[in-house]
There are 2 protein chains.
Amino acid sequence: MSLSSWNDTPTKQSILDFMTSTNDKKSPEYIPLSERVAAFDNDGTLWVEQPAPAQTELLLGKLVEQVKADPSLAQEDPYKGIVNQDSVFLQALAQQVPEAIIAFLSGVGKAWEGTTPEAYEAEVQAFLDHTKHPRYDRPWTDLVYLPMLELFDLLSGNGWRIFVCSGGGRDFMRVYSEEILGIFRENVIGSAPEFAYLDGRLVRQNALHGNIALGPGKPEHIYARTGRTAIFAGGNGDVDLEMLQEARFRLVVVHDDEEREYVVTAGAEKLLAAGEQGGWTMVSMKDDWKTVFSK
Amino acid sequence: MSLSSWNDTPTKQSILDFMTSTNDKKSPEYIPLSERVAAFDNDGTLWVEQPAPAQTELLLGKLVEQVKADPSLAQEDPYKGIVNQDSVFLQALAQQVPEAIIAFLSGVGKAWEGTTPEAYEAEVQAFLDHTKHPRYDRPWTDLVYLPMLELFDLLSGNGWRIFVCSGGGRDFMRVYSEEILGIFRENVIGSAPEFAYLDGRLVRQNALHGNIALGPGKPEHIYARTGRTAIFAGGNGDVDLEMLQEARFRLVVVHDDEEREYVVTAGAEKLLAAGEQGGWTMVSMKDDWKTVFSK
């Protein structure tokens with residue numbers, strides 16, 4: 001049954017109505033198949049991002065390892081903020097403040113420079129296999145939102161191509177996107193390093209490929225990747241605002257479920273205001289979702 | 001009928017055999033669905049590229065317009081070579097010599113800087129609608145190779161996702177890829193400018209997004225786009241060599257049909273040698289194709 005873990009609320013109905021009207025060739029709302037591109041943020045939209053996005057833990061651990069190998073790094077950004085557990089820096093990182101992310105990525109670029117895709121993927125897989133969420137004590141990949149997977153099924157069934165566009169690492173997500181989200185690797189868009197093809201193999205470079213996929217970077221990445229902007233878009237934070245503004249169906253995942261998940265407004269103030277004001281589809285995790293997690 | 005415009009030669013059989021063995025779960029050749037990524041060069045592989053790739057004419061015309069608007073440009077590269085009809089420069093361009101392409105692209109970047117996607121697409125569409133091939137006196141989009149479109153159908157029918165990876169402009173190809181090639185825009189990979197999202201719209205920048213998709217740039221672009229290298233790859237020039245080396249099924253379109261098309265080896269010497277030596281699938285347009293063009 002379509003969207004079976006969604007409660008029968010106006011939110012669910014607005015999604016179903018959009019499917020109906022955009023399929024109706026006689027409706028002004030009709031959307032040709034070729035234009036049916038949907039894009040979703042990842043952390044906080046498709047799975048838990050509290051107390052910090054899953055990837056943050058992997059990256060912090062990697063940077064700490066680097067400092068152990070070369071203690072002089074502890075005096076430099078971004079290592080300084082991490083080693084000293086600087087709460088301002090760490091909070092900015094958790095809220096995906098672009099400046100913090102860029103500083104952080106400079107360390108990340110260095111950490112994996114010269115790595116092959118296979119080696120990086122093996123590290124991510126080991127992290128996913130062995131790390132548990134601090135509150136739920138379960139693998140992060142169990143903490144995907146079931147209602148969003150059902151939404152993916154509904155969209156696919158109606159001819160939509162689904163893309164995940166995250167400020168987080170493209171190559172991190174691609175390790176689990178097929179098994180966990182049912183999304184082919186090529187449909188994952190995100191911040192990513194350059195790769196060079198040298199001596200017959202791909203090698204990771206210490207340079208960003210394009211910009212980071214946050215804020216205006218989201219429509220930029222989606223356009224570069226698809227030749228279009230997404231008509232259906234979903235997000236949960238201020239860094240998703242531009243992606244949703246470009247869309248026609250705008251879905252905001254509102255973290256208002258203290259019992260089953262988290263209550264969060266920090267880093268989402270502008271999006272929540274724009275959504276309330278614009279009459280966007282505001283998904284209350286508390287009221288609209290019967291079930292939260294996929295496992 | 002599958003591959004009906006291919007003659008019944010060992011070439012056609014090798015393609016059909018590959019489909020059979022890679023579908024057979026008991027075969028060591030079996031390929032899981034998720035990994036079925038195919039990539040093809042565009043000019044000379046999917047449509048005519050003689051006497052020069054279609055896009056070259058559009059770009060040359062645009063640069064000549066620029067010189068008319070600002071005659072001082074005629075002293076600078078790449079305008080100098082174009083205005084003076086410098087045969088060495090023009091030939092290097094036609095053969096996709098990376099240095100010539102980079103010089104050329106610096107002019108192209110300037111020409112369309114600040115343009116929106118819609119405005120650029122309208123220019124390309126007008127070019128495609130009004131320009132005829134000098135020899136065939138027909139629109140370029142009539143000069144797509146029918147056997148390659150049938151190969152696309154065969155691959156799609158066997159669960160392969162098809163990508164076009166061209167040294168030429170990604171956004172040029174995306175204008176006609178859906179109608180003419182049956183390939184969604186997002187499956188077109190190619191050299192491309194950066195776009196910035198400014199004041200609520202995408203605007204073309206005078207900077208290349210990543211590198212150009214030639215030579216080692218092809219596996220780099222394919223990996224960035226898909227998270228994989230292509231297992232099935234087709235090309236016709238030396239700039240496709242690395243893409244084919246990374247693949248398992250390597251198809252080379254050999255231009256040996258003077259009557260119906262062209263005889264060309266310039267710019268393909270290394271690829272032809274590697275293909276002959278390695279036992280790759282060498283497609284003779286003359287002997288393997290019953291029909292050449294789609295219209």
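## A two-chain model, sheet by sheet

In chain A, six strands line up as an open, parallel sheet in the order β3-β2-β1-β6-β7-β8. Everything here comes from a predicted model, so treat it as such. The two edge positions of the chain A sheet go to β3 (188-191) and β8 (281-284), and each has a single partner strand, so one side of each is left without a neighbour in the sheet. On average, neighbouring strands of this sheet are turned by 20° against each other, ignoring direction.

Within that sheet, β1 (residues 37-40) and β6 (residues 232-235) of chain A pair in the parallel sense over three bridges. If you want a spot to look at, Phe40(A) stands opposite Gly234(A) in β6(A). Over on the β2 and β3 side, helix α8 (residues 170-181) of chain A lies across both strands, running at about 140° to β2(A).

Chain A also has a hairpin. Here β4(A) and β5(A) (residues 201-208) run antiparallel and are joined by five bridges. One bridge pairs Ala196(A) with Val203(A) in β5(A). Two residues sit between the strands of this hairpin, and Asp199(A) takes a positive phi near 50°.

Which residues of α2(A) are buried? They are Ala54(A), Gln55(A), Leu58(A), Leu59(A) and Leu63(A). Looking down the axis of α2(A), these buried residues fall within an arc of 165°, so they line one face of the helix. They pack against α3 (79-83), α5 (98-111), α6 (117-130), β2 and α8 of chain A.

Now for α1 of chain B. Its buried residues are Thr11(B), Ile15(B) and Thr22(B). Down the axis of α1(B), they fall within an arc of 50°, so they too line one face of their helix. On the other side of α1(B), Pro10(B), Gln13(B) and Thr20(B) are exposed. The cover over the buried residues of α1(B) includes α7 (146-157), β8 (281-284) and α12 (285-288) of chain B.

Here are the lengths of both helices:

| Helix | Residues | End-to-end C-alpha distance | Expected span |
|---|---|---|---|
| α1 (10-23) of chain B | 14 residues | 20 Å | 20 Å |

Chain B has an open sheet of six strands with parallel pairing, in the order β3-β2-β1-β6-β7-β8. At its edges stand β3 (188-191) and β8 of chain B, each with a single partner strand, so one side of each is left without a neighbour in the sheet. β2 (residues 161-169) of chain B pairs with β3(B) in the parallel sense over four bridges. Among the residues involved, Cys165(B) has Ile189(B) in β3(B) as its bridge partner.

Helix α8 (residues 170-181) of chain B lies across β2 and β3 of chain B, at about 140° to β2(B). Helix α11 (residues 269-278) of chain B packs on the sheet as well, touching β6 (232-235), β7 (249-254) and β8 of chain B, and its direction makes about 130° with that of β7(B).

**Where the chains meet**

The contact takes 29 residues from chain A and 29 residues from chain B. On the chain A side, α8, β4 (193-198), α9 (217-226) and α10 (241-245) each supply at least two residues. The largest share, six residues, comes from α9(A). By type, the chain A side divides into 11 nonpolar, seven polar and 11 charged residues.

Technical notes. Residues are numbered from 1 along each chain as its sequence is written. Chains are lettered from A and ligands numbered from 1 in the order in which they are written. This is a predicted model: local features need pLDDT of at least 70, side-chain atom pairs count only at pLDDT 80 or more; totals for chains, interfaces and linings use all residues. Two strands pair if DSSP finds at least two bridges between them. Axes are lines fitted to C-alpha atoms, for helices over the stretch in contact, and angles run from 0 to 180 degrees between N-to-C directions. Two residues are in contact if their C-beta atoms, placed from the backbone, lie within 7 Å. Ala, Val, Leu, Ile, Met, Phe, Trp, Tyr, Cys and Pro count as nonpolar, Asp, Glu, Lys and Arg as charged, and the others, Gly among them, as polar. A residue is buried if 20 or more other C-beta atoms lie within 10 Å of its own, exposed if 12 or fewer, and partly exposed in between; C-beta atoms are placed from the backbone. The arc is that of the directions from the helix axis to the C-beta atoms. The expected span of a helix is 1.5 Å times one less than its number of residues.
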